[in-house]
Amino acid sequence: MSNVYSETAARPPVKTRPAKTRYDRVMLFLHWSVALLILVAFAIAQGRGLVPRGPERTALMDLHRSLGVLVLALVALRMVWRAVSPPPPMPADTAPLLLLAAKAGHLALYALMIAVPLAGVLMTQANGHPVSVFGLFTLPALVGEDKAFGHTLEEAHEFLGTAIIVLAGLHAAAALVHQYVLKDGTLNRMLPWGNR
């Protein structure tokens, strides 16, 4: 009995990794890149009326579509990375209702980050135009020309585009409430300059 005890006592303690408290660098890059791309694409869409119809506006909208395709690609990568490197848990004392709201908000944001650019691509193609991505390649046609369908998709794209900005604003407001009202450090998990 003493031999077993002494052998157990002699073993070095097993080192466990500390609990993850922040998103990793890849997720930080993906999060802030997608946020910036969405804001720029939205600004282009809102400001397109300031540019006269012609080659300049066409180039501007080509850029808008290219940014949307890039958002789709980065969101797909983000979803894969999230599965490979799960996010840090919320603070242990987070109320269940807040946890549920956070999950619902994230699901809605992911759904919109896919739906908005996808609706834009389909709308463009249904209106009989190719989708060129930064002039490097053209997306294969997913739908044939159908102006009525294109009009429906245009309305959906605009509505969902506004919805994603509103939801992103609520997401940012919630992060600020966590930081400055609840003071639970949730925002620090996603800030590039936060404590590591």
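How many helices and strands does the chain have? The chain of this predicted model has five helices and two strands.

**View 1. The whole chain.** Along the sequence, the elements follow the pattern α-α-α-α-β-β-α. The chain holds 196 residues, and buried residues make up 31% of them. Of the contacts between residues at least 6 apart in sequence, 69% join residues at least 24 apart. The chain exposes about 12,800 Å², and carbon and sulfur atoms supply 70% of that area.

**View 2. Helix H5, residues 147–182.** This helix has 36 residues. From the first C-alpha to the last, H5 reaches 50 Å, close to the 52 Å expected at 1.5 Å a residue. Just after H5, Lys183 takes a positive phi of about 50°.

**View 3. The buried residues of H5.** These are Gly150, Leu153, His157, Gly161, Ile164, Ala175, His178 and Gln179. An α-helix has 3.6 residues a turn, so residues three or four places apart point the same way.

**View 4. Tyr110 in helix H4.** Tyr110 counts as buried because its relative accessibility is 11%, and the cut-off for buried is under 20%. Leaving aside residues up to four places away in sequence, Tyr110 touches Val75, Arg78, Met79 and Arg82. With one of these, Arg78, the side chain of Tyr110 makes a polar contact of 3.0 Å. Tyr110 and Ala76 are 34 residues apart in sequence, and their C-alpha atoms are 9.6 Å apart in space.

Methods
Residues numbered from 1 in each chain as written. Predicted model: local features only at pLDDT ≥ 70, side-chain atom pairs only at ≥ 80, totals over all residues. Heavy atoms only, no water. Helix = DSSP H or I, 4+ residues; strand = E, 2+ residues; numbered from the N terminus. Expected span 1.5 Å × (residues − 1). Buried < 20%, exposed > 50% of the residue type's maximum accessible area, 1.4 Å probe, protein only. Contact = heavy atoms within 4.5 Å. Polar contact = N/O pair within 3.5 Å; in protein donor to acceptor, adjacent residues only side chain to side chain. Areas by Shrake-Rupley, 256 points an atom, 1.4 Å probe, with all protein chains shown as cover.
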